Amino acid sequence: MLVTVALVGFVSANESTVTIDERTPERNTLVGLQGYHDEGRALELAPDGTVVWEYTAVENVFDVESLGPDRVQIAGADAIPDEQCPARYRDDGTRGCVHNTVRIVNQETNETQWQYGWYDVERHEHELHDVDRYTAGGEARWVFADMGNDRVFAIDRDGTIQWQWNANATYDPPADVGPEDDWTHLNDVDKVGEGRFQVSLRNFDTVVELRVASDGTVAVEPLVGPNRFTPNGSAGPLYAQHNPDRLADGHLLVADSENDRIVEFENGTPVWTAGGSARLDWPRDADRLASGNTLVVDSYNDRIVELDGSGEAVWAVETGRLPYDADRIPRNGSGEGSRSEPTADASGFDPGTNETSSLRDTVAYGLTLLRYSVPNWVDTWGLLVGGLLCGVAAVVEGRRLGR
């Protein structure tokens with residue numbers, strides 16, 4: 001019954017719905033939806049959950065950022081059929097290819113004002129997850145987390161590469177890794193200072209800083225994690241993280257995804273944490289707001305949630321379609337991810353927020369498998385029947401593993 005109810009909500013949810021409203025935000029929120037199939041999009045949500053703007057021209061949206069009034073930067077990926085792919089990907093034995101793009105969109109017209117992109121062999125593990133816009137010498141620059149090619153690179157407005165760093169210049173790939181295998185899963189990059197760029201190496205369970213010299217040479221400094229390929233996860237403080245953000249005094253706020261929590265570090269030591277599998281399910285973004293609250297993308301729960309300093313939810317909105325990124329639009333209209341606010345009060349942290357729930361985990365696991373595996377053309381009754389079967393299988397498997 002629980003699976004059926006959850007699936008009805010998944011199938012029929014066409015609009016975003018506020019589910020917790022103890023502290024209503026003053027401003028709107030931008031959301032990037034990856035989508036379970038090809039239904040991803042960018043949204044702007046009013047505090048009451050109303051969709052006030054929508055952009056559907058990209059199948060899978062990962063990064064979304066406000067650049068000022070009526071200007072939004074969107075990074076994402078589209079699956080392209082073989083006949084429309086460049087020759088090198090058309091007959092490579094892989095079905096289709098992927099087109100990664102970053103674009104600046106006028107919200108009033110949804111017209112693209114600027115765009116840069118490239119093709120890659122396939123969408124899976126070759127998507128563009130993050131782009132950071134910055135200035136150098138008074139000119140606009142964009143730095144990319146190029147997952148498919150295991151590199152970070154920066155361009156100017158004309159698309160000319162200014163500098164780049166390839167992961168294999170610093171790290172040795174595993175011996176059994178092929179040319180298109182995913183060994184770094186490099187999923188985030190942010191400019192954090194002059195010539196300094198923070199990078200998330202998800203498959204290393206590690207966050208590093210790239211220090212780019214004026215001649216383009218790059219030095220790598222590990223910040224948190226084992227700083228090596230960890231195919232089965234590390235015993236360290238992070239497990240397959242997303243979207244680390246630099247806060248004041250060098251603090252680091254990270255969506256610790258496979259650990260179902262948000263964690264803040266000071267010099268590599270956790271000083272604040274929130275979540276646990278009974279409250280968050282695969283969070284992939286966390287921004288510290290000016291109020292001191294933390295805005296979290298709770299991906300497998302299909303929602304955006306705002307947490308106070310004790311880790312309690314004060315506002316949440318269900319979005320559906322696997323959210324990846326969220327930005328609260330500040331008063332000046334230009335968003336830059338996390339604000340440099342003081343650390344949340346660790347003394348007020350509720351230790352119960354790391355509790356787990358095995359039944360919830362198994363049901364959520366079954367629903368997640370269903371969402372990814374069922375094609376778009378399957379009707380509601382097909383989903384419900386499939387959901388019941390997946391739910392029963394998930395519960396049985398959970399009991400077996402719990403023995």
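Buried here means under 20% relative accessible area, exposed means over 50%, and partly exposed is in between (1.4 Å probe, protein chains only). Keep that handy as you click through this predicted model, where local features need pLDDT of at least 70, side-chain atom pairs count only at pLDDT 80 or more, and totals for chains, interfaces and linings use all residues. Residues are numbered from 1 along each chain as its sequence is written, and side-chain values use heavy atoms, with hydrogens and water left out.

**Stop 1: the disulfide**

Select C85 and C97. Both are buried, and they form a disulfide with their sulfur atoms 2.2 Å apart; the cut-off for calling one is a pair of cysteine sulfur atoms within 2.5 Å. C85 sits in the loop between β6 (71-80) and α2 (87-90), while C97 is in strand β7 (residues 97-106), so the pair ties together parts 12 residues apart in sequence. Those element labels are DSSP runs numbered from the N terminus: helices are H or I with at least four residues, strands are E with at least two. A search of the whole structure finds one disulfide.

**Stop 2: two positive phi values**

Go to D70, in the loop between β5 (60-68) and β6. D70 has a positive phi of about 65° although it is not a glycine, and it is partly exposed at 32% relative accessible area.

Then jump to N110, in the loop between β7 and β8 (112-120). N110 is another residue other than glycine with a positive phi, near 60°, and its relative accessible area is 29%, partly exposed.

**Stop 3: salt bridges**

The structure holds 15 salt bridges, each a side-chain nitrogen of Lys or Arg within 4 Å of a carboxyl oxygen of Asp or Glu.

Select R141 and E139: their closest N and O atoms are 3.3 Å apart. R141 is buried at 11% relative accessible area, whereas E139 is partly exposed at 46%.

Next, pick R261 and D256, whose side chains meet in a salt bridge at 2.7 Å, N to O. Both R261 and D256 are buried.

Finish with R196 and E209, a salt bridge at 2.9 Å, N to O. This pair links distant parts of the chain, with R196 in strand β14 (residues 196-201) and E209 in strand β15 (residues 206-212), 13 residues apart. R196 is partly exposed at 29% relative accessible area, but E209 is buried at 2%.
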